[in-house]
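User: Could you walk me through this structure with a few questions? I am new to reading models.

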Amino acid sequence: MAVCARLCGVGQAGGCRRRAPVEEEEEEEVRAAQEAPRSLLQLPPEILVEIFSCLPGTQLPLLALVCRKFRQILSTDTIWRRRCRTEYGVHENLRKMEVTGVSCREVYVKLLHQYRDILGLWQPDLGPYGGLLNVVVDGLFIIGWMYLPPHDPHVDEPMRLKPVFRIHLMEKKTATVECMYGPKGPHNGQIQMVKKDEFCTKCLQTDYHRMSGGRQEEFRTWLRDDLGRTLDDIFHEHMQELILMKFIYICQYDNCLTYRRIYHPPSRPDDLVKPGFFKGTYGSHGLEIVMLSFHGMTAKATKITGDPNVPAGQPTLEVDLTRPMRLPSIEQLRNFSELSRLVLDIRDLISREQRLAGGVEDAGSSSRAEPAQAPSLVASAEESAANGPDASENGEQQPQDLQQFVLPEEVMARNGEYPRSCRVCFYGTGLIAGHGFSSPERTPGLFILFDDNRFGFIWLELKSFSLYSRMTDKFQNSQPPAPEAFDEMLRAMQLWTT
Ligand SMILES: [Zn+2]
């Protein structure tokens, strides 16, 4: 205190007005805080624009209610342009569009937000035939693309995309829905959400679908464009009845069509191969779309497109990943009865094990049996893993990991082009049924994983081979909200068409 008295020239009683340096700093802060804006309102508009641009578009209308200043700032198109880009991936044309008098806010509110529930993957309700629709934001449009497989039997070619509807802001007021079906260009249509994950489209001008040559020309055009076939082809292949039936069925939906949401299968790090959508050969029915998904030690291929025998939504293949098979020599493999014996041995082994397991439950542990010995050609799980894609340290497939592959002579393939080596094979079953999905049964076969993007299946009983090739298209807004949601969708799909 003596020191203080000397510095300030005042005694103890007058109190020292000189403060410690720490106190000075504190005051600095207080003063700075007093000078700083006390609320968001005092921030300069350009900062507010930055802040508001980072908030979800759905929150912005609430902010607009706060005060006039906020409302004014929220009319800045920069904010909405950024929301369109961040939330819906709209990159192009936004500035160009402003020239036409439509603001980014209107695009966000009246188009993107308004129709957000129809973005993603859908299956049209075309009875057993199914299909795949992908609804995407494309520039300043929302477009529904129907995915058609390439022409039979070229499974490796890309999918063919056909627009079935589009939505855009023609004028400021509301979004316009247009039907894109038919030869005469876009015309009036409607879209309505029926319930969650289900919507329907309606064409208001079906005369636009008509062709001058009548139904016959429409049939011929459909045959050519959708199936890549001519009348001659289908007469030769004795398919006229099947295909005419499909045409007539599809014509019922000239005016209205319902779509149900489907999800892209969820992917896990230990999956044998990336799950997803594939196109494959399927006997005389032409190419079909299937969805490959993994469920513990089972892989499933679910039909996305179907036919009157086995409709869309059914699990066409089920692969038992606990039953890897090592292929015999090429000479033995050419012999159908040899392959048949190998596959049926596994089928018998499985049913024996199932019987025994049932016996254990019935008779208690005293009758517990040793699992039957696998036939010598069946690779052990470890051996199979050693041959699997994870075997190589660098993750690259080594040539020595591959098994040579050839189709047995009696087995029919739509396409002579198929890989002559494979990574791994498993026992599996395929679903067959009579017309109208009568007496469905699972029939044994061989699942062959060729590489990351191709797999095959030999239908033993049918002596036929299907080759599947991955659809490399990118699908947005298609992930299931939870793994259970995907399983639930698979179950529901089976009921949609039966
Ligand atoms: Zn139409």
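This is a predicted model: local features need pLDDT of at least 70, side-chain atom pairs count only at pLDDT 80 or more; totals for chains, interfaces and linings use all residues.

User: Which residues donate to the zinc ion, and what is the geometry of the site?

Analyst: The protein donors are Cys 179 and Cys 203 through SG, and His 187 and His 209 through NE2, lying 2.0 to 2.3 Å from the zinc ion. The angles among the four donor atoms run from 99 to 121°. Four donors count as tetrahedral if all angles lie between 85 and 135 degrees, so the site of the zinc ion is tetrahedral.

User: Is His 187 buried or exposed?

Analyst: His 187 sits in strand E6, while His 209, 22 residues apart from it, is in the loop between strand E7 and H9. Buried means under 20% relative accessible area. With a value of 3%, His 187 is therefore buried.

User: How far apart are the end C-alpha atoms of helix H9?

Analyst: Helix H9 covers residues 214-227, which makes 14 residues. At 1.5 Å a residue, H9 should span 20 Å. The model agrees with that, because the end C-alpha atoms are apart by 19 Å.

User: Which residue just after H9 takes a positive phi?

Analyst: Within H9, the buried residues include Phe 219, Trp 222 and Leu 227. Their cover includes strands E3 and E4 and helices H10 and H11. Just after H9, a positive phi of about 65° is taken by Gly 228.

User: Is Gln 252 buried or exposed?

Analyst: Gln 252 lies in the loop between H11 and strand E8. Its relative accessibility is 55%. Exposed means over 50%, so Gln 252 counts as exposed.

Conventions: Residues are numbered from 1 along each chain as its sequence is written. Side-chain values use heavy atoms; hydrogens and water are left out. Helices (H or I, at least four residues) and strands (E, at least two) are DSSP runs, numbered from the N terminus. The expected span of a helix is 1.5 Å times one less than its number of residues. Buried means under 20% relative accessible area, exposed over 50%, partly exposed in between (1.4 Å probe, protein chains only). Contact means heavy atoms within 4.5 Å. Donors are N, O and S atoms within 2.8 Å of the metal (3.2 Å for Na, K and Ca); water is not among the atoms, so sites may look incomplete. Four donors count as tetrahedral if all angles lie between 85 and 135 degrees; four count as square planar and six as octahedral if opposite donors are over 155 degrees apart and all others between 65 and 115; anything else is irregular.
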